[in-house]
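Trainee: Could you take me through one part of this model closely, beginning with a loop and its backbone, and then moving on to the aromatic pairs and the charged surface?

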Amino acid sequence: MNKRLRPCEAPLASLRRLFAALAMVACLLASPFATTPALAEDQAPTPELTNSYSLGQLGSQLLFWLVTDDGSHALIATWKDDYDSFALYAVDTTTGEASSVAQQDTNYCTPILLSNTSALVYDTSSQGAFLYDLESGEKTDLPGLTFESSPYRARLMDGGDRLALVGFDASSDDTMYSAVVYDLKSQQLTSSFNVTTEDAPISCVLSSDGSTLYVLDGDSPYHVVAYDMATGTRMLDQATSYSGDSGRAFLQFELEDGSLVVNTYPNDEHLVDSQYRLDPETGELSPIIDGTHDVLAMNQSTTKLVYLTLVNQNLPADQSGELTSDDNRGGTSLASVDAATGDVLYSMSLPTDFSMPANGYAFVSQDGRYATMLHQDSDDSPLTLRTYDVSTGASSEVELSGMDSQSVEGVLTNDDREVALLAVDDDGVFTLSTYDTGYGGNGLFCNPLVIAGIVAAVVVVVGIAVVVVRRRRWARRAKTDAPELTGAHPQSRFCPNCGRELANTNARFCPSCGHKINS
């Protein structure tokens, strides 16, 4: 038999149910972003196969492939018929379904930008561009967006309403870069200009919001030049402190504080890349990683850059060329480095069985704690996917059966939650496999402190509401238990027909329904 709730208990029961519901919602919201459960110090997350699909014969040679940030789709470009024709496919990684985006005889198409829902593709044959919807397969031409030079850098502006695009023209002696701004809604160019510098520009990068184009030019010293993408106006021309003695320098990335990451490629004296942070306003460069670090991988988000490096602590920076002396390049430890500060996030001593990543494929998590790489001890040994916990040195691995290191390419995707591997055999049959890394989701909501804060806020709000209701109940009890005051205490009367309280206790008729009230 169900017990009927008294009026003062009903709000409390409702709040209890509300509390349970909110707690459940908080858990559900937190679960997709939760971090990997704590492992023992001698353990590391083991990659697990989640999907594997044969995509069929897409081509004889892989040209390039890209994966969306959420890992739901991939774009695969191939050469067919011994390089006589080109093909571009869109693949749903959850079903393994491949759809043709473009098929051409001699020219090729290249994605300019790739989002989780669509791709902006440049067609070299028409020198135009089109939008491709990854879900529906629908193509939308973008009239007026023609580009004689090959697209080199691209960013969305104004919340995705406009496109900032920079092209590279290697055939021109005077102008190597040209820039345009295209309004995606009106489908019109709003800005177009050529990059002119004193010396031949060697690299460029767009700011994260697409509003500014930075160009590095010259030989010794290098200059950094900034352009307003909306107007083509040159805003800055600053000599840098880099002379070029350590190799050719290239702009790579803009950090959150507005500084630029510069990567120097080696010359005869320096065989290892070096990374610098450049202040475009002053031209000053400061080293992010010295010559004892050899970069194996990097994880680049919108405003953050983390390096995975091989370190030889016994080698002076000015002798960095010796880092290529053997299979592990003389490394003594593995480290992850924050490019914004140069701080070492985690480091570990190299195990005795460590070797350079097979085919050069290594990945580092956004927080720098985990490193996953293709690993093969010898040509006769199986190819594996190995994960290191860089904070402890623990490792785990899974064998990639039927895969050859020379025919496999990998991408870390879906907020570090997955590694996607694309393999092609001698018959041109492509196989796409995805592995759960066992870590990832290192964004805001995966932070345990943030999750705890959300749950605590829910508890506090509901707790305050419970206290308020209880105080009201106590107040009602106090009135009920209070002694009667002297004098008459009129009793409330109610209409027997509609139940409305009668303000006038002597009323003969209900003011609401007109029912006659018996005295």
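**A loop residue and its surroundings**

Mentor: Gln187 sits in the loop that runs between β12 (177-183) and β13 (188-194), where strands are DSSP runs of E with at least two residues, helices are runs of H or I with at least four, and both are numbered from the N terminus. This is a predicted model, in which local features need pLDDT of at least 70 and side-chain atom pairs count only at pLDDT 80 or more, while totals for chains, interfaces and linings use all residues. Residues are numbered from 1 along each chain as its sequence is written, and side-chain values use heavy atoms, with hydrogens and water left out.

Most residues other than glycine have a negative phi. Gln187, although it is not a glycine, has a positive phi of about 55°, and with a relative accessible area of 28% Gln187 is partly exposed (buried means under 20% relative accessible area, exposed over 50%, and partly exposed in between, with a 1.4 Å probe and protein chains only). Asn414 also has a positive phi, near 55°, and Asn414 lies in the loop between β30 (408-413) and β31.

As for the aromatic rings, a search of the whole structure finds five pairs, where rings of Phe, Tyr and Trp (its six-membered ring) pair if their centres lie within 6.5 Å, and planes under 30 degrees apart count as stacked, over 60 as edge-to-face and the rest as tilted. One of them joins Trp79 and Phe86, whose ring centres are 5.9 Å apart and whose planes stand at 75°, so this pair is edge-to-face. Trp79 is buried at 15% relative accessibility, and Phe86 is buried at 0%. Tyr152 and Tyr177 form a tilted pair, with 5.7 Å from centre to centre and 35° between the planes. Because Tyr152 belongs to strand β10 (residues 150-157) and Tyr177 to strand β12, this pair ties together parts that are 25 residues apart in sequence. Tyr152 is partly exposed, with a relative accessible area of 35%, whereas Tyr177 is buried at 1%.

Asp427 lies in the loop between β31 (418-424) and β32 (429-436), and Asp427 is exposed, with a relative accessible area of 57%.
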